[in-house]
Amino acid sequence: MTRFPKTLFVETTTRCNLSCAMCARCRPGWLDGFGDMDFALFERLDGAVRHAHAVILNGMGEPLLHPELPRMVRFVSERLPEGGWCGLQTNGLLLDQGLAFDLASAGLDVACMSYEWPSAGEWPATGAALGHAPDASADAQDDPLARFAGLMRAAAAKAGRPMRLGLETVLMRGNIARLPELVDRAAALGLDFLLASHLLPMDAASEAESLFLPCSATALRLFSRYQQEAGARGLDLASVPKAAVMYHRSPAEQDLMDLLLRMRKQAQEEGVWLNVARLAGTDPGDLGALEEIFAEARRRAGAAGLELSLPPLTAPERPEDRRCGFMEREAAFIDWQGNISPCHFLWHGYSCRVLGDEKRVEPRRFGNISATALEDVWTGAESAAFREAARAGEYPACGDCGAGLCSDATGIYGPFEQDCLGVSVPCGHCPWSVRQLMCLGS
């Protein structure tokens, strides 16, 4: 076990200049208040920063609102070991030439803009805005992304140091067809990377925008084979819930149940979990169309030399293939009040939608840097045991479970204690463990 975490996510503020519907801090159920991390508290991370591979100054707020953000960046950059980097994610709206230069000269290595997609036809031509001050072209004034790129490129050049620039965006049904267009836009602006994530629905209405299938591709392939067989016999596996409760089944209903049992037996033999209701509502053709869009986006990114990170469209092939990037990167999360958490999902208290059910997330915290050094909390028995259990991956594949999200996992009736397999880490239904969600540093 390492003495220090290798990746630090430090929440400089929970205040923001926007109120986005997809943000947990803007929804009913947000518990953790609004404020800025005190710089004296930030300084308590001195020892941990000196051993970190990466420090990301991000949380549930807009980091540019913190009045001492450049000072924080300088504090980090002066202490990081060789090869380490300091980055942040911003909506970019508060960025001006002075602040951009302050951040660049303080030692910021990576700047990522959270991008809200414009309506069709609203992207201006790239023009001559690249690498120039924001007033060098009307394009940079009209397009926040061009303005961000121009400001940061100019600031990095003036400061005489390199900086990686990128954008992060959320993929939804309303914008997915334009993903290749966004790749072109990012490449034309000279950005280094584009990071895309699926949506974490905040309510039932927003679930319709989600593209991610929480079932595995293996489960979908197995189900599709049996659904084709059912269709050839005039049956439909989507009718299984109705047939299952019939005491007196017709011959067709009995054939359907026999087919279901045969499918489940094969799934059990192959170690595949099946959520029949969810699979029955999935259109393989729709999934194929999404895969084509992803392929075209990757083709364009490769041709342009843009680093493109796309989330998977389905859950991992096998439950044992699930991996938590935060555990692999040995990450620690510190909120604006100094509380220490093991991962992004459990960083705060909020409500969202997971696997079609309301989910109440209770933060998991192991201490506070105001009272205990981060490295002492990191090596403590409770924190180490959590990370070991999370890395083991021996938790259920909740997305493939036909029973749905269990009452303990929903958190509605109290904090999570253990799952159906007796595991005490709430990772089976975590959207990060199946890479539904991605962010800078994940």
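Before the first stop, one convention for sorting residues: Ala, Val, Leu, Ile, Met, Phe, Trp, Tyr, Cys and Pro count as nonpolar, Asp, Glu, Lys and Arg as charged, and the others, Gly among them, as polar. Please also keep in mind that this is a predicted model.

**Stop 1: the second largest cavity**

Select Ala332, Ile340, Ser341, Pro342, Phe366, Leu374, Val377, Trp378, Ser383 and Arg387, which line the second largest cavity.

Now colour the secondary structure around it. Strand β11 (340-341) and the helices α14 (374-378) and α15 (381-392) each supply at least two residues of this lining. Which element gives the most? That is α14, with three residues.

**Stop 2: the largest cavity**

The structure holds two cavities of 30 Å³ or more, and the largest has a volume of about 90 Å³. To find it, select Cys324, Cys343, Phe345, Cys427 and Cys430, the closest to its centre of the 13 residues that line it. By class, the lining here has 12 nonpolar residues, one polar and no charged ones.

**Stop 3: the aromatic cluster**

Next, show side chains for Phe9, Phe326, Phe333, Trp347 and Trp432, which form one aromatic cluster. Across the whole structure, a search finds 10 aromatic pairs.

Begin with Phe9 and Phe326. Their ring centres are 5.7 Å apart and their planes stand at 90°, so this pair is edge-to-face. Phe9 lies in strand β1 (residues 7-10) and Phe326 in helix α13 (residues 325-328), so the pair ties together parts that are 317 residues apart in sequence.

Then step from Phe326 to Phe333. The centres of these two rings are 5.0 Å apart and their planes are at 90°, so this pair is edge-to-face as well. Phe333 is buried, with a relative accessible area of 0%.

**Stop 4: the open sheet**

Switch to a cartoon view and follow the strands across. An open sheet of nine strands runs in the order β8-β6-β5-β4-β3-β2-β1-β10-β11, with mixed pairing. Its edge strands are β8 (307-309) and β11, each of which pairs on one side only. Strands of a sheet pair through backbone hydrogen bonds, either parallel or antiparallel.

For a closer look, select strand β5 (residues 164-171) together with strand β6 (residues 193-198). In which sense do they pair? They pair in the parallel sense, over six bridges. Within this pairing, Thr169 stands opposite Ala196 in β6.

**Stop 5: the largest pocket**

The largest contribution comes from β5, with three residues.

How much space does this pocket hold? Its volume is about 1300 Å³. To centre the view, pick Met22, Cys23, Gln89, Ser114 and Val170, the closest to the pocket's centre of the 49 residues that line it. The lining divides into 31 nonpolar, 13 polar and five charged residues.

**Stop 6: the second largest pocket**

About 650 Å³ of space lies in the second largest pocket. Select Ser210, Phe212, Leu213, Pro214 and Arg278, the closest to its centre of the 36 residues in the lining. The elements that give two or more residues here are β7 (213-216), α12 (284-304) and β12 (350-354). By class, this lining has 18 nonpolar, nine polar and nine charged residues.

**Stop 7: charges over rings**

Show Lys158 and Phe101: the charged end of Lys158 sits over the ring of Phe101, 4.6 Å from its centre. Then show Arg3 and Phe4, where Arg3 lies over the face of Phe4 at 5.9 Å from the ring centre.

Notes
Residues are numbered from 1 along each chain as its sequence is written. This is a predicted model: local features need pLDDT of at least 70, side-chain atom pairs count only at pLDDT 80 or more; totals for chains, interfaces and linings use all residues. Side-chain values use heavy atoms; hydrogens and water are left out. On a 1 Å grid over the protein atoms alone, a cavity is a set of points where a 1.4 Å probe fits but cannot get out, and a pocket is an open set with protein on both sides within 12 Å along at least five of seven lines; lining residues have an atom within 4 Å of a point. Grid points are joined across faces, edges and corners, and a volume is the space filled by probe spheres set on the points. Helices (H or I, at least four residues) and strands (E, at least two) are DSSP runs, numbered from the N terminus. Two strands pair if DSSP finds at least two bridges between them. Rings of Phe, Tyr and Trp (its six-membered ring) pair if their centres lie within 6.5 Å; planes under 30 degrees apart count as stacked, over 60 as edge-to-face and the rest as tilted. Buried means under 20% relative accessible area, exposed over 50%, partly exposed in between (1.4 Å probe, protein chains only). A charge sits over a ring if NZ of Lys or CZ of Arg is within 6 Å of the ring centre and within 35 degrees of the ring normal.
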